[in-house]
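Hi,

Here is the structure I promised to pass on to you.

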Amino acid sequence: MNYGVEQKGEVAAMSTESSKERELSFDIRRTVILGAFMKEWGMPEYRVILTKPERGAHVEIYYFPAIDNNDAARFATVGLSSTLRSNGQPAGTEWMMALPHDLGGESADRIFSYVCDVLAHHIEAAPDSRTPRVMGESELAPAGWSAKALLLDELRGESEELEEIKIGNEVVQVIWAVPVTGQEAALILQEGVEAFDSYMAGIEYSIIDPRRP
């Protein structure tokens, strides 16, 4: 899908005069959204940047490590909301993925790679950002995870202040990207998210644990 990935905070150069207004707009967006995330989760450890210059796509993904073993680690986007889909419509949302403190046995770099892959697919293939939405099992998911599908749903388990973030007159919704198993994805598609919630309430594994059976 011809998306480029830049590692650990190297911002893509914008060299033309016509890009300066776009650059300022993104700086404001980053300030507001990243500030809201940092208020809740502290300082991010690092980021990667997903770009597609011919589309004007520039999405930054930040890693917020867990404070301790009882806390969740989080990966969150900044800039997805202003990225145009293949149909020309802005995505209008940002993603947050919560994982156990050990990232489900994977490295942060591996998670970044996976998130970039599913983001690129979502931007190109999804017609809109309505939730809930299920992305089927993918070989791009980390090998050690049993949860190789993805549920996009309304944000849960976080501060209500993060559910919608205002940027001027724009309201950006933060949605939850939840790794789910193939069985769970089928349950959601057949019976709805409420059935999935009931199922999760009856098992001993956390919803953010991607290694649950």
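Asp 27 comes out as partly exposed, at 31% relative accessibility (buried is under 20% relative accessible area, exposed is over 50%, and partly exposed lies in between, with a 1.4 Å probe and protein chains only). Its salt-bridge partner is Arg 30, with the closest N and O atoms 3.0 Å apart; a salt bridge here is a side-chain nitrogen of Lys or Arg within 4 Å of a carboxyl oxygen of Asp or Glu. Arg 30 is buried, with a relative accessible area of 18%. Helices (H or I, at least four residues) and strands (E, at least two) are DSSP runs, numbered from the N terminus. Asp 27 and Arg 30 also belong to a salt-bridge network with Arg 47 and Glu 60.

Before you go further: this is a predicted model, in which local features need pLDDT of at least 70 and side-chain atom pairs count only at pLDDT 80 or more, while totals for chains, interfaces and linings use all residues. Residues are numbered from 1 along each chain as its sequence is written, and side-chain values use heavy atoms, with hydrogens and water left out.

How many salt bridges does a search of the whole structure find? There are 15. One of them joins Glu 158 to Arg 74, with the closest N and O atoms 2.8 Å apart. That pair links distant parts of the chain, 84 residues apart: Glu 158 is in the loop between β7 (149-154) and β8 (164-167), and Arg 74 is in strand β4. Both ends are buried, Glu 158 at 19% and Arg 74 at 11%.

Asp 102 and Arg 211 form another, at 2.7 Å from N to O. They are 109 residues apart, with Asp 102 in the loop between β5 and α2 (108-125) and Arg 211 in the segment after α4 (193-201). Here Asp 102 is partly exposed at 31%, and Arg 211 is partly exposed at 38%.

Now the nonpolar cores, meaning sets of buried Ala, Val, Leu, Ile, Met, Phe, Trp, Tyr and Cys residues joined through side-chain atoms within 4.5 Å. The largest has 33 residues, and Phe 37, Met 96, Trp 176 and Phe 196 have the most contacts inside it. Helix α1 (residues 20-41) gives the most to this core, with six residues. A second, separate core of 30 residues includes Leu 50, Leu 80, Leu 99 and Trp 145.

Best wishes
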